[in-house]
Amino acid sequence: GIETIRVLLNIKAPLLIALGLLLLWWAWRAAGGFGPILSQPSAFDTGQPKAGQFWPFFFPALTGMIGFWATLSLNIPDFSRYAKTQRDQAVGQALGLPLTMALYAFIGVAVTSATTIIYGETIWDPVDVLTRFKNPVLLVVAMLALCLATLATNIAANVVSPANDFAHLAPKKISFRTGGLITGVIGILMMPWKLVADPTGYIFLWLIAYSALLGPIGGILIADYFVYRRRQLSVYALFTPDGPHHYRGGFSIVALVALILAVLPSLPGFLATVHAIDGTRLPAFLLHLYDYAWFVGFAVAFFVYLALRPLAPNR
């Protein structure tokens, strides 16, 4: 249950920070300090392999990262619901998310840069870096710590929310534990190792493509709760089978229409990216919309939902 996950996270959090700092210390020591590490030329600099490609890479990567973290932010209530006070969860998020993410972003950049100096090649995967350690004790401890950190992080980020969703579909038949097992099986069938095998495909295909779907969902949720309903919800109505939130057979036609219309602008760019259609025959602006899929989808869904909902409040 969630209490066991809390215990696991309490172990993982300091362990992951310690592991990251130790990895940074190793990179600093092996590469001869931060001077050589931070003086490595950017791949986007003149004369480098990706010269002049910074902005075409930056915005799709930004879209992918926002899609990634915006999705996880929707899972925060799965944990903040257990906070004793609103202040506890607000302070926890304010301290826990931005500071640690900034730290690990720097560690990732610094260690990756250091591998170019130490090994003569750029290695971005921490597992590949750890497997090059010669000390067997250090290697075993580091890999066990990485396994625990990966397990705990993925349970919190990728299992708790869908486990709750599956449990809510049929509460009498599916428990939180069963929902977690269903999530695990589906996760294996999706073969995520193929997604992260190629960082370019992971960013430009997977992250941006699913942000084109989840950006509109975020826009609909925010438009409905914060703007249309002005943060006023009836808990009883939410769980009433024939209440105002039942809409048409449990589905909101307005929300579905807003979702479809919000996804459409990014569809040509996606099809061109996966080579389902010839992108050279499409207007350039249509292809570029895909690079901003989360932003475009969020904005279109937000305004379409607000335009349609007053016209059909029960649909």
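# Notebook: pocket, helices and rings

I looked up the second largest pocket, and its volume is about 350 Å³. I noted that 17 residues line the second largest pocket, and that the closest to its centre are Leu-22, Leu-23, Trp-26, Phe-133 and Leu-138. I am working from a predicted model.

I then asked which helix gives the most to this lining. I found that H1 does, with nine residues. Helix H1 (2-31) and H7 each supply at least two residues of the lining. I sorted the lining by type and got 14 nonpolar residues, one polar and two charged.

**Entry on H1**

I checked the length of H1 next. H1 has 30 residues and reaches 42 Å from its first C-alpha to its last, close to the 44 Å expected at 1.5 Å a residue. I listed its buried residues: Ile-5, Lys-12, Leu-19, Gly-20, Leu-23, Leu-24, Trp-26, Ala-27 and Ala-31. I wrote down that these buried residues pack against helix H2 (34-38), H5, H6, H7 and helix H8 (176-189). Just after H1, I found Gly-32 with a positive phi of about 85°.

I kept one general point beside this entry. An α-helix has 3.6 residues a turn, so residues three or four places apart point the same way.

**Entry on Val-129**

I looked up Val-129, which is found in helix H6 (residues 126-130). Is Val-129 buried or exposed? I read a relative accessible area of 1% for Val-129, and a residue under 20% counts as buried, so Val-129 is buried. Leaving aside neighbours within four places in sequence, I found Val-129 in contact with Leu-23, Trp-26, Thr-115, Tyr-119 and Ile-123. Leu-23 and Trp-26 are among the buried residues of H1.

**Entry on Ser-113**

I placed Ser-113 in helix H5 (residues 86-119). Ser-113 has 13% relative accessibility, so I count Ser-113 as buried. Beyond neighbours within four places in sequence, Ser-113 is in contact with Ile-37 and Gln-40.

**Entry on H3**

I repeated the length check on helix H3 (residues 54-73). At 1.5 Å a residue, the 20 residues of H3 should span 28 Å, and I found its end C-alpha atoms 28 Å apart, which agrees. In H3, I marked Pro-60, Ala-61, Thr-63, Gly-64, Gly-67, Ala-70 and Leu-72 as buried. The buried residues of H3 pack against helix H7 (136-169), helix H10 (199-228) and helix H15 (293-308).

**Entry on aromatic rings**

How many aromatic pairs does the structure hold? I found 18. I took Phe-34 and Phe-106 as one case: their ring centres are 6.1 Å apart and their planes are at 50°, so the pair is tilted. Phe-34 lies in helix H2 and Phe-106 in helix H5, so this pair ties together parts that are 72 residues apart in sequence. I noted Phe-34 as partly exposed at 33% relative accessibility, and Phe-106 as partly exposed at 35%.

I looked at Trp-294 and Phe-295 as another case. Their pair is edge-to-face, with 5.8 Å centre to centre and 85° between the planes. Trp-294 counts as buried at 15% relative accessibility, whereas Phe-295 counts as partly exposed at 34%.

Last, I noted a cluster in which ring pairs link Phe-44, Phe-54, Trp-55, Phe-57, Phe-58, Phe-59 and Tyr-292.

Key:
Residues numbered from 1 in each chain as written. Predicted model: local features only at pLDDT ≥ 70, side-chain atom pairs only at ≥ 80, totals over all residues. Heavy atoms only, no water. Helix = DSSP H or I, 4+ residues; strand = E, 2+ residues; numbered from the N terminus. Buried < 20%, exposed > 50% of the residue type's maximum accessible area, 1.4 Å probe, protein only. Contact = heavy atoms within 4.5 Å. Expected span 1.5 Å × (residues − 1). 1 Å grid on protein atoms, 1.4 Å probe; cavity = no way out; pocket = protein on both sides within 12 Å on 5 of 7 lines; lining within 4 Å. Points joined across faces, edges and corners; volume = space filled by probe spheres on them. Nonpolar A, V, L, I, M, F, W, Y, C, P; charged D, E, K, R; others polar. Phe/Tyr/Trp six-rings, centres within 6.5 Å; stacked < 30°, edge-to-face > 60°.
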